[in-house]
Amino acid sequence: MAQVDAALAEWVLGVARRNGATAAEVLCVSAESLAAGVRLGEVEKLKSSRERRLGIRVFVGQSSANASTAELERDGLEDFVAHTVGLARLTAADPSAGLPDATLHPKGFPELELADNDQGIVDADTALAIASRAERAALSADPRIKNSEGAEFDSGRYHVMFANSQGFAGEYEGTSFHIGVAPIAQSDSGAMQQGYWYTANRHFAKLENAEAVGAMAAKRALRRLGSRKIKTTRVPIVFDPDMAAGLLRALAGAASGPSLYKGASFLVDKLGERIASPLVTIRDDGIMVGAMGSKPFDGEGLATNRKSLVEQGVLKTYLLDSYSARKLKLQPTGNAARSVGDAPTVSATNLYLEPGSHSPQEIIATVKQGLYVTELIGFGVNGVTGDYSRGAGGMWIENGELTFPVQEVTIAGNLKEMFQSIEMIGNDLLWRSSVVSPTLKIAEMMIAGA
Amino acid sequence: MANDLVRPEQFFLNRFGMNESGLERILGSALERKADYADLFFEYRSAEGLALEESMVNHTSKSVSHGVGVRVCAEDRTGYAYSDEVTFDRMRIAAEAARAIADSRAEPHAAVQVGGAVTRHQLYELESTPLDVPIEERAKLLRQIDELARAYDPRVRNVMASFAAERKIVMIVNSEGRVAADVQPLCRLNVTVIAEDEKGRQVGSFGGGGRVEWSYFLDQDRWKHYTREAARQAIVNLDAVDAPAGEMIVVLGNGWPGILLHEAIGHGLEGDFNRKGVSAFSGRIGQSVASPLCTVIDDGTIANRRGSLNVDDEGTPTSRTVLIEKGILRGYLQDRLNARLMKTAPTGNGRRESFAHVPMPRMTNTFMLPGESTPEEIIGSVKKGLYAVSFGGGQVDITNGKFVFSASEAYLIEDGKATRPVKGATLIGNGPDVLTRVSMVGNDLALDSGIGTCGKDGQSVPVGVGLPTIRIDGITVGGTRA
């Protein structure tokens, strides 16, 4: 079996050059994983995997092509590279195409602790035992927890190697661990509600306790029992941290270079302008040690970094790879994302909204009547216009207190106005994933219900 | 190669040096413990993509992937392991990992004898696939689309067009000795248009495809239709007013709005959720869940459709399953595991995204049979409401039955006429209840143009939907205007 190493990368780049490529990149990702699932106390599934893919991008002048393969033997690769160069010759020359400016490649890489050196892939028995503990905690939390979609423990390890024809080469390893639990609560009337909760980390020892995850999942299912629809009304909306993080993802999408140069974003020409309430500061940090979204270099071999996307409400930067940067006559920001066989795209790294000083309870206490949103479903976010309309569930707030659970309503507005009308920001920022937010209060949105 | 495609059963044996006795040994090893069933899923997929933006076809890509998955089922437990190296060595390791799910008490199994080939449908016997058409020709069509869209209206600012084509060869060999193999072509042409005027910017999208040849897009000028629809939708939306908020009468147009059935009904009828009793439809077979005007079908056997398959990803030939008959819940969608545990027959709905995934019950093409009203009668019957003709994605919470789907082109209905366009809005309802409110069903059933992709548990598979124009007496529209 072929070795994936610097020599292979060098060889692939050489083959590309011999076939007439003027520039090239090679990306190789190897991954293995084990996922274990239990349901109602019994083993339900075990899944183990091993994968390795190699991707290239080749340029012939300003024309390029992308390709990926699972065949890493040199005979097959030789044809594969030659064919990809041929494909590039058939592609339109694009004046903005090309590798990044060679002087921008970093000389050294930060140590980010992306891999757990003490814990590799967790063995099946241990994984099943952890999933069982999490599910048992959920099932035993309350007699109304009557069913379950199970609990899962996943563990994965991956290796990324990237090199280009202008001398950049880098590689890194990462690990990930995840516990998820999905118990189902049932009321006397027979109505069912699922609760889901999870913990994820790059380091096994930093996962939340399995029992705590199970107990939280049960709590979330139970509090949805008896949910009802409410009348159509316009009221303040409080987003819990996980739901608020979705607003950040939508903003990052609109601030990303490809959306902007296509004119497909509500943030076109907004650089330097106030796009959010002055309370709002949003940062993107690709070099946070041990964080889920960190990496030592981006998908084009440029340095990742720490920066403000929004500073006190003002849009300070876009998120750019070198192609979209050239299109917009700006500098790349170290936000190129890459999957094997595709051209670079753009994504945030670790994106977060700076916490404020209020506890979630204090925020809820300021609302006379409103909705505390804990669930959102659907895809009703239009990045071009900012129009926002999604299915929502949560708790009704009456005189500053959470009262009864709500479901089958929508909340609607426009992201441009929603960000401007953020009135309060919680102090409850927790790094549960690569995009995180504290609790947010938005002055008013339309709820459609009965 | 050509011969292998006529007889895909031979493809993997030739390509990766496999032989039947080797496969029998692997299946024997998979069944070494107390297991009920084992299968091997082989996949070889080639795909190419082209994309145009700013009037240049500046993006081309190509991928080849292959792999094999080994599955072992013991009662309701599933062990699965896969590798992208298709060798007996890796398959033996995968079989050992997968069988760990079963009790270690060894039981004597009859030796597996690989033999009987499954008879598959012949739903997409193409003379050539779009992958065989020169790239230049595909690129030229994207440039023509760009020109046509820009000529449609001076307010068109940008055009994105893409064409993706793949060919998947699969083979399933199971512990009953059955072998099923298939060659599955699939392609899709997509057009997105950005329009702009002094009021702002809007987007419109249209596309289509299926398990079809390249000529499909040229026949009946389909590519022109896709292009004009995308441009028209973007231009219409420039004049859109805020959508209303609250519960109202909604008329859904025919075709793609069938996504309602997919979200509100289809997912809730998948066998896995019902075996576990976690669906809002659990235990409701034989009960009324829709108005008597509604008959809902899932049919994987319609020729050349995106959601169709000759055999599913467990080797079962696909079929036509009546889900709701005149309002009464009749059936669930089953894969092998859930059918066995529910003591019923598989319906050919066991599907998976790739060799890296375990099969699950999934929809194919899901649609409602036509009724007797004309679309004009249906719209004409509504004094005040919403007429929604195009949608983006949708989602459902299986357990409480609440579903959403988001309109991307909709109009107010005022005094029996579709009038002003409204901005996109999400519609939300309750799956077991929404079809009980259907009061009129049109005579204009149409299937969608071939763009659907369904996500479940992290796996994406191509699907189709269809709907005649229908009237729903009360569903919540998530607009911003009181």
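Domain bounds here come from an automatic or database domain assignment. On that basis, chain B is divided into domain 1 (2-238) and domain 2 (245-478). This is a predicted model, in which local features need pLDDT of at least 70, side-chain atom pairs count only at pLDDT 80 or more, and totals for chains, interfaces and linings use all residues. Residues are numbered from 1 along each chain as its sequence is written, while chains are lettered from A and ligands numbered from 1 in the order in which they are written.

**The two domains of chain B**

- The C-alpha centres of domain 1 of chain B and domain 2 of chain B lie 23 Å apart.
- Where they touch, domain 1 of chain B brings 37 residues and domain 2 of chain B brings 27 residues; two residues are in contact if their C-beta atoms, placed from the backbone, lie within 7 Å.
- On the domain 1 side, the elements that give two or more residues include strand E1 (37-53), strand E4 (156-174) and helix H7 (222-238) of chain B. Helices (H or I, at least four residues) and strands (E, at least two) are DSSP runs, numbered from the N terminus.
- That side of domain 1 of chain B has 14 nonpolar, 14 polar and 9 charged residues. Here Ala, Val, Leu, Ile, Met, Phe, Trp, Tyr, Cys and Pro count as nonpolar, Asp, Glu, Lys and Arg as charged, and the others, Gly among them, as polar.

**Each chain as a whole**

- Chain B holds 12 helices and 22 strands. Its radius of gyration is 24 Å, close to the 23 Å that the globule rule gives for 482 residues, so chain B is as compact as a globular protein of that length.
- Chain A has 9 helices and 20 strands. With a radius of gyration of 24 Å, close to the 22 Å from the globule rule for 450 residues, chain A is likewise as compact as a globular protein of that length.
- The radius of gyration is taken over C-alpha atoms, and the globule rule is 2.2 Å times the number of residues to the power 0.38.
- In chain B, 61% of the 482 residues count as buried; in chain A, 56% of the 450 residues do. A residue is buried if 20 or more other C-beta atoms lie within 10 Å of its own, with C-beta atoms placed from the backbone.

**Where the chains meet**

- The contact between the chains takes 66 residues from chain B and 60 residues from chain A.
- E2(B) gives the most to chain B's side, with 12 residues.
- Chain B's side divides into 22 nonpolar, 30 polar and 14 charged residues.
- Strand E2 (residues 42-60) of chain A runs parallel to E3(B), joined by 6 bridges; two strands pair if DSSP finds at least two bridges between them.
- Lys45(A) has Thr78(B) as its bridge partner in E3(B).

**Inside chain A: a sheet and a helix**

- An open sheet of 5 strands has the order E11-E10-E9-E14-E19 (chain A), with mixed pairing.
- Strand E11 (314-315) and strand E19 (435-436) of chain A are the edge strands, each pairing on one side only.
- Strand E10 (residues 306-311) of chain A pairs with E11(A) in the antiparallel sense over 2 bridges, and Val310(A) stands opposite Leu315(A).
- The buried residues of H4(A) include Val213(A), Met216(A) and Arg220(A).
- Among the elements covering the buried residues of H4(A) are helix H3 (124-139) and strand E4 (145-164) of chain A.

Terms used: Buried ≥ 20, exposed ≤ 12 C-beta atoms within 10 Å, placed from the backbone.
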